[in-house]
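I set down each item as I looked it up.

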Amino acid sequence: MAITFITLTLQNFKSHRDLTVNFGEQTKITGDNAQGKSSIQEAITWLLYGVDSLGSKLDPTPITYESEGTKVSLLFFIDEKQVLLGRELHKGKTHYYINEVPSKAGSFKEILDQLFDKNLFLSLFNQNYFFTLHWEDQREMLLKYVTAPANKEVLKHMLDEQKKCLEPLLKKHSLNGLEDLHKDNKKKKDKQYIAAQSKTKTLKEQMEHYQPTIPFDSIVAELNPLKRDREEIEKVTDNAGEINGRINVLNAKINNLNKERDQMKKDWDLLKNEKIEDHCRVCKQPLQEESLQSVRDEHEQRKDNFKKIFHQIVEDRKKLEEELKTLEYIDVTEQIEKVREIQSKIDPLEKELSKHKDYKLFQEQVQEAEKEEKELLSSLNESIFILDTIKAFRAKEAELQAEKVQALFDTLSIRLFEKQKNGELKNTFEIEMDGKPYRKLSLSESIRAGLELREVLSKQSEVITPVFIDNAESITSFKQPSGQLIISRVEAEKELTIEKDDY
């Protein structure tokens, strides 16, 4: 995009009551100090943005005379499109014009934003403006028009191991996303790995506590014969227990039957001697013979049933006594004592055997804990390596980007990064000429530096604007910039003169 100034008109702008400037390919403005040369440059920036050529707020009202209003208009081309813009300050109120049509401030700003970026235009129009910006804005503007090196290009300059690690990952994640992912994983795995180490240490200490003092085979060799001896004795005691238990059961049953028998003998006397009542127990009336006989018969029936039950008890007791005669109580006191003696030898052996089982369990837990610890360490180391590789990638990317930016300049040195103590790169921006930072350059050096930077911005952005070089008398020669050239020089005792040259 090429911007070409045609005509600038000033009415009551600072020291200019009525001035028209016709621009050519090169426009020379000369005159003594205080002739309003710089005001011409400021009129253009005030018209467009309400600021002076360095971006500060500007009061355009006349200083040496009274005036009700100030007006500036500029006719220019953007490529082949003609545009006429105007700004007027009348009694403290600002008015805007687009192609002579009154417009609102919003519409005026909108059309400017569509035409060109403010900071870019002011940087191209005034070679000093760029250096008034904050270094982060300077850096952003320069890099905006310089394509960053592609991942493939950066990887090509890295170590094979780093390239092999990072290349497939960058196909799935952005560099920032990958860094966030592994920073988070490193943070988690750091904590988990410390916890895993503590767990492994604790399990090992517990395992040592349960470490057996007697070899497993020795325990088994000693324990098995003792168990076999115990089992043989227990067969005897178990059999004796069954017989002795049966004897105890029989004696208990016989004893209960004897008690029932003795009680029935007593109950028989009462039943046998029971008096037959010959009258009704309720109404006291004498019973009829038939009823009386029924009472006698019922009494006899009860006696018969009683006898049957008694004889059954006697019969059951005899059977039990006959079975009891066939059994003989077995004394197993000696065997029980022998079992106790054997068990006293078995118990410590089984305790040692249990230690072996517990020790084996702890061994498995320690192995599992060590495996988990190893996996956590592997994941942690992987993230550390990837983060270090990302750091190396960024360093190489910064180096290539710096080389790419530096290649655009002839005399200026551009510093985009500075290395921190931890090895990481921090964004910065410093422009130097012959080893001197811009802030320490002389006026002529700063003009040359600004023009070189301006040319890089113009070429990279593909935007060509007029450039206004003020105080040009301080510089004897410079490379012809792209776009219209407007030169302002101080010439003593000379009135303001404007000359254009269309070649």
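Entry 1: helix pairs along H10.
I began with H8 and H10, whose crossing is left-handed. I take left-handed to mean that the near helix is turned anticlockwise from the far one by less than a right angle, and right-handed that it is turned clockwise. The model is a predicted one, in which local features need pLDDT of at least 70 and side-chain atom pairs count only at pLDDT 80 or more, while totals for chains, interfaces and linings use all residues. I number residues from 1 along each chain as its sequence is written, and side-chain values use heavy atoms, with hydrogens and water left out.

I take helices (H or I, at least four residues) and strands (E, at least two) as DSSP runs numbered from the N terminus. Helix H8 covers residues 216-272, and its axis comes within 9 Å of that of H10, at a crossing angle of roughly 150 degrees. The axes are lines fitted to C-alpha atoms, for helices over the stretch in contact, and angles between N-to-C directions run from 0 to 180 degrees. H8 and H10 are therefore roughly antiparallel to each other. For that term I use angles over 145 degrees; under 35 counts as roughly parallel, 65 to 115 as roughly perpendicular and the rest as oblique. By class, I found 13 nonpolar, 4 polar and 9 charged residues in the contact of H8 with H10. Here Ala, Val, Leu, Ile, Met, Phe, Trp, Tyr, Cys and Pro count as nonpolar, Asp, Glu, Lys and Arg as charged, and the others, Gly among them, as polar.

I then turned to helix H7 (residues 175-209) and helix H10 (residues 333-406), whose axes come within 8 Å and cross at roughly 155 degrees. H7 and H10 are thus roughly antiparallel, and H7 passes H10 in a left-handed crossing. I noted that the residues of this contact divide into 18 nonpolar, 11 polar and 11 charged.

Entry 2: H1 against H3.
Which residues make the contact of H1 with H3? From H1 the contact takes Gln41, Ile44, Thr45, Leu48 and Tyr49, and from H3 it takes Lys118, Phe121, Leu122 and Phe125. I record contact as heavy atoms within 4.5 Å. The classes are 6 nonpolar, 2 polar and 1 charged.

Entry 3: nonpolar cores.
I define a nonpolar core as a set of buried Ala, Val, Leu, Ile, Met, Phe, Trp, Tyr and Cys residues joined through side-chain atoms within 4.5 Å. Buried means under 20% relative accessible area, exposed over 50%, and partly exposed in between (1.4 Å probe, protein chains only). The largest core has 65 residues, and Phe5 and Leu8 touch the most other members. Helix H1 (residues 37-49) gives this core its largest share, 7 residues. Another core, of 12 residues, lies apart from it and includes Val154, Leu155, Leu178 and Leu400.

I listed the partners of Leu8 beyond four places in sequence: Leu19, Thr20, Val21, Phe23, Ile40, Ala43, Ile44, Val72, Ser73 and Leu74.

Most residues other than glycine have a negative phi, and most peptide bonds are trans. Lys14 sits in the loop between strand S1 (3-13) and strand S2 (16-22), and counts as buried at 18% relative accessibility. Ser39, in helix H1, has Lys14 among its contacts beyond four places in sequence, with Leu10, Phe13 and His16. I found Ser39 buried, at 9% relative accessible area.

Phi of Lys91 is also positive, near 50 degrees. I placed Lys91 in the loop between strand S5 (81-90) and strand S6 (93-98), where Lys91 is exposed at 66%.

Is Tyr329 buried or exposed? I found Tyr329 in the loop between helix H9 (289-326) and H10, exposed with a relative accessible area of 54%. Beyond four places in sequence, Tyr329 is in contact with Asn244 and Ile247. Its C-alpha atom is separated by 87 Å from that of Leu178, 151 residues apart along the chain.

Lys307 lies in helix H9 and is partly exposed, at 39% relative accessibility. From Lys307 to Leu170 I noted 108 Å, C-alpha to C-alpha, for 137 residues in sequence.
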